[in-house]
Structures are given as C-alpha cells and as structure tokens.
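Here is a short briefing on a protein model. Look for its aromatic rings and one of its pockets.

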Amino acid sequence: MTPKDVLKQAKENETEMIDLKFMDFPGLWQHFSIPVDELTEESFEEGLGFDGSSIRGWQAIHTSDMLVMPDPETAVMDPFTKYPTLSLICNIVDPITKERYTRDPRHIAQKAEAYLNSSGIGDTAYFGPEAEFFILDDIRFDQDSRSGYYFLDSSEGIWNSGRDEKPNLGYKPRHKEGYFPVPPIDSQEDIRTEMVMEMQKLGIFVERQHHEVATAGQAEIDIRFSSLVKIADQLMYFKYIIKNVAKRHNKTVTFMPKPVFGDNGSGMHTHQSIWKGDKPLFHGDGYAGLSQMALHYIGGILKHAKVLAAFTNPTTNSYKRLVPGFEAPVNLAYSSRNRSASIRIPMYSPSPKAKRVEVRFPDPSCNPYLAFAAMLMAGLDGIENKIDPGQPLDKDIYDMSPEDLAGVPTMPASLEEALDNLEADHDWLLKGDVFTKDAIEMWINYKRTKEVDEIRLRPHPYEFFLYYNI
C-alpha cells in the first residue's frame with residue numbers, strides 16, 4: 001500500500017481523524033491523532049513531530065524533538081473510536097540527522113529481519129505467539145507509605161462459589177480446571193468470539209479461541225503466524241482489541257504473567273521457523289523431523305536463554321510464573337511433544353511447512369518487537385556457530401528427581417538476574433547493529449531503576465504475615 005492508497009482508503013471510509021501509533025521502549029503503545037486533512041502524501045516522507053522526552057526510556061529533555069513516520073502498509077480503520085478514524089503504525093526518526101532512532105523497538109525488529117536476510121541463512125523468520133490473558137470483572141490496587149494491596153475479582157473465580165449472588169449458579173471452574181469446559185462453566189465464549197470478530201476486521205487471521213487452565217477468566221486466542229515485524233504489529237493490535245472489547249462489557253483484561261496466586265500464570269509460547277523463498281528450512285531428517293539448522297537454532301536459544309529472559313520475561317512479576325516445580329517450563333531442555341520442556345517441537349502435522357520450534361518460556365508482558373528480535377538473534381547465533389543443543393529430554397520433567405535434574409540448566413529466578421546476564425553477555429545481539437549498546441544500556445538501566453529497585457524498596461504484604469510477630 002502506498003501513501004496515495006492510504007489517502008484513498010481514508011476518503012472511502014469517510015475518515016475524520018488519523019491516529020498515529022508507536023511503541024515506547026518498555027512495550028506500551030502510544031498515540032496522538034490529527035484531523036484527516038493534516039495527513040498528506042508528504043507526511044509519509046517528512047513525518048510529524050512530537051516530544052520524545054515524555055516517552056518512557058527515550059530522549060532527554062534537551063534533545064526531545066522526534067518525528068513519527070507513518071508506515072502506509074499498516075493502515076486500518078480503528079474499530080473503537082466514535083468518529084471514523086484511520087490508524088497507522090509509525091517508525092521513529094531523529095529530526096536533525098533523519099536517521100532511524102536506535103531505541104525504537106520496531107526499528108530493532110526491522111534490523112533483525114534485515115540481518116537474517118544479509119546472513120544468507122534465510123529470508124523470512126516466521127513467529128506465532130500464543131498470548132494468554134485474564135478477563136476480570138474488577139481490579140483495585142494501591143501502594144503508599146503505610147499500606148499496599150491489590151484486590152481482583154471475577155464472576156468465574158472459584159473463590160466466589162460461596163458468595164450470595166441471588167442466585168449463585170455455581171458454574172465456576174476450579175483452580176487448574178479451566179481447560180476446556182463448555183458453557184455455562186466457560187462464561188466467556190461470546191466475549192472471546194467478539195474479540196476474534198474485531199481482529200478479523202483488521203485482517204488478523206485467528207486460528208482458535210478458548211478458555212485457559214486457570215479459574216477467573218483465563219483465556220487464549222491464537223493468531224496465525226507471520227513474519228517478525230508484521231506479527232509484532234498484529235500482537236499490538238491483538239492487545240488493543242482484547243482490552244477494548246473487554247471494556248465494552250465493563251470488564252478488564254490483564255496480560256500480567258502471574259496475577260492470580262495458586263493457579264496457572266499467563267505465558268506466550270512462541271512458534272518460530274526460518275524459510276528461504278518457499279522452502280521451510282527447519283524440516284529435515286533429524287530428531288523429531290528437524291533439520292540440522294533447526295537443531296542449531298535450538299542450541300542458540302538454549303545457550304542464550306538466561307539473557308533472552310531480560311526481553312522475553314521482562315517484569316518482576318514474570319518470575320512469579322517462572323518457578324521450578326510449577327506449570328511454567330523453566331528447565332532449559334528441548335523435546336518433541338513434551339510440554340514440560342522449555343522448547344517443544346510440535347508434532348501435529350507431518351507437513352514440512354508445519355515444522356517449527358516452540359519456545360515456551362516467554363510471557364505476554366514482553367515488548368514483542370524486542371523479544372522476537374532477541375530470540376531470532378539467539379537462534380541465528382546458534383546456526384552461525386553450529387551450537388549443539390545436546391540430547392533431547394523426552395521425560396516429564398515435573399516428575400524427575402532433583403538428582404536427575406541437576407545437570408539441566410534453568411531460567412533465571414528474577415528479573416535482576418536476567419538483567420545481570422544481559423549485561424555480561426550481549427555481543428551476539430550487537431551483530432548487524434540490530435541491538436545497539438545504547439539500547440541495551442538503557443533497557444538495563446530502566447528496568448533496574450524503574451522496576452527492580454522500586455519493588456525492592458517496598459514491603460510486601462506477605463512479609464507482615466511472616467515477620468510481624470518476630
């Protein structure tokens with residue numbers, strides 16, 4: 001689609017406003033809107049100005065001017081605005097040098113795709129994320145010098161089985177029993193379908209939707225795989241749609257990895273493969289029908305997983321889900337079909353085109369542009385250096401003894417540990433100028449000062465239970 005096509009689309013849809021969306025550094029969409037007459041063909045070349053110092057992890061105030069450059073390929077009509085609004089995802093440019101901004105996550109993802117192409121290994125990296133989330137009825141939280149709390153609620157929550165609901169009908173999934181009961185236990189079939197319908201209007205191909213394992217409205221909607229940047233764009237629309245459809249129904253959605261104690265957290269299993277033209281490069285005659293290239297890709301992911309965690313599991317809450325002995329795959333091993341391994345090779349289809357690897361430790365709190373770019377760079381490092389993934393682990397890891405697991409490495413236990421690993425080992429991320437030192441340093445500094453240290457400073461409510469009477 002060209003700028004002229006976008007203007008034509010705007011006219012055909014009687015558009016009144018243009019919404020310009022872009023990604024901040026931690027991973028939240030930002031936007032501003034302009035009247036439709038302000039968007040011209042020149043806007044796509046010249047950009048539109050904004051204050052970069054007000055965006056998390058970006059410019060200092062004395063160098064705050066930045067430009068958004070609308071990408072015409074991303075034009076869609078926004079399904080939630082009162083007035084007809086055409087939405088565009090933007091790239092970020094320095095107004096003086098006209099160079100792309102090193103901390104623009106979308107630019108980092110685009111450079112990862114370019115690096116793959118320049119390597120000669122392949123020309124397309126496909127990613128298929130499976131993001132889980134909770135649809136809740138109420139959330140309250142606060143923190144001050146004398147108190148700290150959160151209260152969440154769901155009409156599906158098993159804790160409400162004794163509540164006087166005039167009448168209470170009792171259809172509430174028990175802990176870890178939300179996968180796949182039919183309505184009325186699954187009370188959110190229609191709202192998830194409405195989310196699917198809105199995604200399809202925007203050209204997002206949806207494969208399935210269903211209730212997930214946890215009580216309290218845990219859900220999953222799977223979208224069809226696509227190339228790295230395109231699927232990251234779609235995942236941002238995915239979150240946008242899910243949250244806004246929930247709001248239509250006076251509900252709220254969270255992509256926090258572990259909002260509910262005592263039940264499953266929300267992961268984002270991410271399927272990955274590399275193609276060259278029409279040829280799938282991960283199909284072969286090795287283990288589980290994989291090529292040697294795919295095995296080396298797995299080797300790279302496993303070798304760098306402790307660093308990848310800083311991007312794929314980038315919140316302190318992520319490590320409430322990544323706990324040994326519980327549902328999340330923290331053990332760094334690979335296996336066919338085995339969902340207790342951190343990397344699984346799905347065996348649903350014998351087709352060479354379906355051959356892929358599924359990395360199971362990421363969660364949906366991540367910035368997808370950074371997480372997908374980092375995983376691709378880890379896999380490519382494995383291919384380039386022929387990293388051996390070792391032997392597969394075709395056992396139920398959850399039933400293995402501590403002695404048997406002693407030689408199996410695990411994911412970091414905290415965000416702080418993940419950031420330390422990133423600080424110590426990131427040269428492979430700098431290849432092709434995909435990640436820059438500036439971007440990595442800012443990521444580490446932002447996460448340490450704005451999240452790790454802020455959590456460290458505050459008493460936890462459970463500490464009062466443990467220590468008040470000492």
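**Rings and a pocket**

One aromatic cluster is formed by Phe22, Phe50, Trp58 and Tyr101. The model is predicted. It holds 22 aromatic pairs. Two of them share Phe311.

**Pairs around Phe311**

- The ring centres of Phe311 and Phe435 lie 5.2 Å apart, and their planes meet at 45°, so this pair is tilted.
- Phe311 and Phe435 are both buried.
- Phe311 also pairs with Trp443: the centres are 5.3 Å apart and the planes are at 35°, so this pair is tilted.
- Here helix H6 is linked to helix H11, which holds Trp443, 132 residues from Phe311.
- Trp443 is buried, as is Phe311.

**Charges over rings**

- Lys21 lies over the face of Tyr240, 4.9 Å from the ring centre.
- Lys239 has its charged end over the ring of Phe255, at 5.1 Å from the centre.

**The second largest pocket**

- The second largest pocket holds about 970 Å³ of space.
- It is lined by 41 residues, and Glu130, His271, Arg344, Tyr348 and Glu358 are the closest to its centre.
- Strands S7 (124–136), S10 (206–211), S11 (218–223) and S14 (268–276) each give two or more residues to this lining.
- By type, the lining has 13 nonpolar, eleven polar and 17 charged residues.

How values were computed: Residues are numbered from 1 along each chain as its sequence is written. This is a predicted model: local features need pLDDT of at least 70, side-chain atom pairs count only at pLDDT 80 or more; totals for chains, interfaces and linings use all residues. Side-chain values use heavy atoms; hydrogens and water are left out. On a 1 Å grid over the protein atoms alone, a cavity is a set of points where a 1.4 Å probe fits but cannot get out, and a pocket is an open set with protein on both sides within 12 Å along at least five of seven lines; lining residues have an atom within 4 Å of a point. Grid points are joined across faces, edges and corners, and a volume is the space filled by probe spheres set on the points. Helices (H or I, at least four residues) and strands (E, at least two) are DSSP runs, numbered from the N terminus. Ala, Val, Leu, Ile, Met, Phe, Trp, Tyr, Cys and Pro count as nonpolar, Asp, Glu, Lys and Arg as charged, and the others, Gly among them, as polar. Rings of Phe, Tyr and Trp (its six-membered ring) pair if their centres lie within 6.5 Å; planes under 30 degrees apart count as stacked, over 60 as edge-to-face and the rest as tilted. Buried means under 20% relative accessible area, exposed over 50%, partly exposed in between (1.4 Å probe, protein chains only). A charge sits over a ring if NZ of Lys or CZ of Arg is within 6 Å of the ring centre and within 35 degrees of the ring normal.
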